[in-house]
Amino acid sequence: MADDLFADAEMFGFETRAIRAGQRHDPTSGAVVTPISLATTFVQEEPGVHRGYEYSRTNNPTRQALQECLASLEGAAHGLAFASGMSAEDTLLRTLLPGDHIVLGNDAYGGTFRLISAVLAPMGFAWTATDLTDPDALRAAMRPETKIVWAETPTNPLLTVVDIAAIAEIVHEGDARLVVDNTFATPYLQQSLSHGADVVVHSTTKYCGGHSDVVGGFLATNDTELSDRLAYLQNAIGAVGSPFDNYLTLRGLKTLAVRMDRHCENARAAVELLQGHDKVTHVLYPGLSDHPGHDAAVRQMKDFGGMVSFRVAGGADAALRLTTTTQVFSLAESLGAVESLIEHPGVMTHASAAGSELEVPADLVRLSVGIESTQDILDDLGQALDRL
Ligand code: PLP
């Protein structure tokens, strides 16, 4: 079918594949939009002879379209979609066995930390959190039984940048796979497999969906054996999103490139304002030339993203107060959608890391800079900071 052309990563640009890859015109109606296939079961010509679909948990046409599209954007041979970022992570971690060891970044997303330290560890999995920007620290953390090194870049919420190619080399000295959570960067800004990652993880709830209206997760890899195992686990565990969820994520991907350009532009403007304000003590943004990961970010990212964190004078009290005095920025968890959001990671998204080595500073505020009018974003931030 001519539509299959769009699955070819070499032939078409990112923006074209974001709109077309994996999405075949409906053969009966010619509909240009992938249908939401609600059927739970699919007719078979003879027992075991079917068109690739048997039961919707195992495979579903809407999910298949999403899987092909996002895999193409990541430059991956294989992609698997899940009900949430956490269920994608859980399914991937179930390729390990008790006794295996996981290394994760010491400012990993709180939910990843909770899954590994509070759900898997009591079942016999070992883990070490370390500074993945320090090659010696990574080497020291790795053990013969290390099976996964779990990196995020940029990280949530400290926006630390990990040099993917540099750590891939170290990880591959052993018998481990490098997993990169690409949620903040998106495939538009960073294609981690091309820098040496073995698996890419997404919370598609964020930029991929892009409109704060669908929870989802994704795994992408070029490793066929691993992908087969993941597809087995995807079916065996069943943590898959509904066809409507998959449709919304697929629709979100179509505008990912234009949204990301605008997120980056507005984030740059917000960073400039924050840097010039006397109530702000430190701005964390990989686009800043004095950011410790700036050089790595320039090498591996097309632009620096829409997430900005900063620390305020006046400690936790001031940070908490600030989050309640914005209007364009809604006080809410999550990130990566068209509307601007503000949050206090210590009390909100990263509360599960309190008291651990992954605890975040109490004076930290995180912004997910949306795609609204730049001036409205600047006016809102400016008035809130002035009131501190
Ligand atoms: N990874 C990162 C970097 C995240 O920020 C999140 C959620 O905030 C997740 C994974 C988990 O994804 P979900 O909330 O879709 O389960």
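The model is predicted.

Seven strands form an open sheet with mixed pairing. Their order is β1-β7-β6-β5-β4-β2-β3. β1 (78-82) and β3 (126-130) stand at the edges. Each of these two has a single partner strand, so one side of each lacks a neighbour in the sheet. From one strand to the next, the twist averages 20 degrees. At one end of the order, β1 pairs with β7 (residues 217-221). The pairing is antiparallel and spans five bridges. Within it, F82 has G217 of β7 as its bridge partner.

Helix α4 (residues 110-120) touches β2 (101-105), β3 and β4 (146-152). The direction of α4 makes about 150 degrees with that of β2. The buried residues of α4 are G110, G111, T112, F113, L115, I116 and L120. Their cover includes α3 (85-93) as well as β2, β3 and β4. Helix α6 (residues 164-171) lies across β4 and β5. The direction of α6 is at about 150 degrees to β5.

The ligand is surrounded by 13 residues. The closest are M86, D181, S203, T205 and K206. A polar backbone atom of M86 is 2.9 Å from an oxygen atom of the ligand. The side chain of N156 also places an N or O atom 2.9 Å from a ligand oxygen. For D181, the ligand atom is a nitrogen. An N or O atom in the side chain of D181 lies 2.6 Å from that nitrogen.

D181 also has a protein partner. The side chains of D181 and T183 are joined by a polar contact of 2.5 Å. T183 sits in the loop between β5 (177-181) and α7 (186-189). Is T183 buried or exposed? Its relative accessibility is 7%, so T183 counts as buried, given that the cut-off for buried is under 20%. A polar atom of the T183 side chain also lies 2.9 Å from the backbone nitrogen of S203. Leaving aside residues up to four places away in sequence, T183 touches V201, H202, S203, K206 and Y207. Two of these residues, S203 and K206, are among those closest to the ligand.

The cysteines were examined next. The whole structure holds zero disulfides. C208 is in none, and the nearest cysteine sulfur, that of C69, is 9.5 Å away. A disulfide requires sulfur atoms within 2.5 Å. C208 is buried, with a relative accessible area of 2%.

With β8 (residues 280-284), the pairing is antiparallel and has four bridges. Here V280 stands opposite V312 of β9. β9 and β12 (residues 364-368) also run antiparallel, joined by five bridges. In this pair, F310 stands opposite V365 of β12. β9 is mostly covered. Five of its six residues are buried.

How values were computed: Residues are numbered from 1 along each chain as its sequence is written. This is a predicted model: local features need pLDDT of at least 70, side-chain atom pairs count only at pLDDT 80 or more; totals for chains, interfaces and linings use all residues. Side-chain values use heavy atoms; hydrogens and water are left out. Buried means under 20% relative accessible area, exposed over 50%, partly exposed in between (1.4 Å probe, protein chains only). A polar contact is a pair of N or O atoms within 3.5 Å; within protein, one must be able to donate a hydrogen and the other to accept it, and residues adjacent in sequence count only if both atoms are side-chain atoms. Contact means heavy atoms within 4.5 Å. Two strands pair if DSSP finds at least two bridges between them. Axes are lines fitted to C-alpha atoms, for helices over the stretch in contact, and angles run from 0 to 180 degrees between N-to-C directions. A residue is near a molecule or strand if one of its heavy atoms lies within 4 Å of it.
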